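Hi there,

Here is the structure I promised to pass on. Have a look at it, and then read on for what turned up.

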Amino acid sequence: MVVASVGRCSAHRIEHGIALPEASSSTTVDGYVVNVSGDLKAGMDSALTMTFAKAGKPVTDLQPYLDTYAHLTAFHQGDQAFAHLHPETKVHADHGGPTLLFHANLPRSGNWRLFLQFQTEGRLHTGEITVHVT
Ligand SMILES: [Cu+2]
């Protein structure tokens, strides 16, 4: 798990029930556009897909970071529910992307703030997005 440096202020805000940014289907970090899709249902295994693009082109050079192409940390709005996920996608060298598949099982309905970490060219990126779980 890689949590310590991720979204401390946001996590604090979430614990105190302050509204998150609205749920959305894409986020941008360091020039990477990450599209997020999936029909997330509380307490059930739900497929969550993330697709990476940069400058309009699919990203295919995600690098393994701590043995996986991405670390996803999720905080539930209004309490301290928390989850940490890795993609199912198998790692083979520095050729990850453009799509990563996660099996999310988030225990509560409502809004969750996701912190996504991934690496390219030796550099770690951290994106944030709010998703809604029904
Ligand atoms: Cu992790």
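The largest nonpolar core has 24 residues, and W112, L114, L116 and V131 have the most contacts inside it. By nonpolar core I mean a set of buried Ala, Val, Leu, Ile, Met, Phe, Trp, Tyr and Cys residues joined through C-beta atoms within 7 Å. Two or more of its residues come from each of strand 2 (32-37), strand 3 (46-54), strand 5 (71-76), strand 7 (99-104), strand 8 and strand 9 (123-133). Strand 8 gives the largest share, five residues.

This is a predicted model, in which local features need pLDDT of at least 70 and side-chain atom pairs count only at pLDDT 80 or more, while totals for chains, interfaces and linings use all residues. Residues are numbered from 1 along each chain as its sequence is written.

As for the fold, the protein chain has one helix and nine strands, in the order α-β-β-β-β-β-β-β-β-β. Helices (H or I, at least four residues) and strands (E, at least two) are DSSP runs, numbered from the N terminus.

L116 touches V34, A70, L72, T126 and G127, leaving out residues up to four places away in sequence; contact means C-beta atoms, placed from the backbone, within 7 Å.

R113 sits in strand 8 (residues 110-120). It is buried because 21 other C-beta atoms lie within 10 Å; the cut-offs are 20 or more for buried, 12 or fewer for exposed, and partly exposed in between. The C-alpha atoms of R113 and T130 are 4.4 Å apart, although 17 residues separate them along the chain.

Best wishes

Terms used: Two residues are in contact if their C-beta atoms, placed from the backbone, lie within 7 Å.
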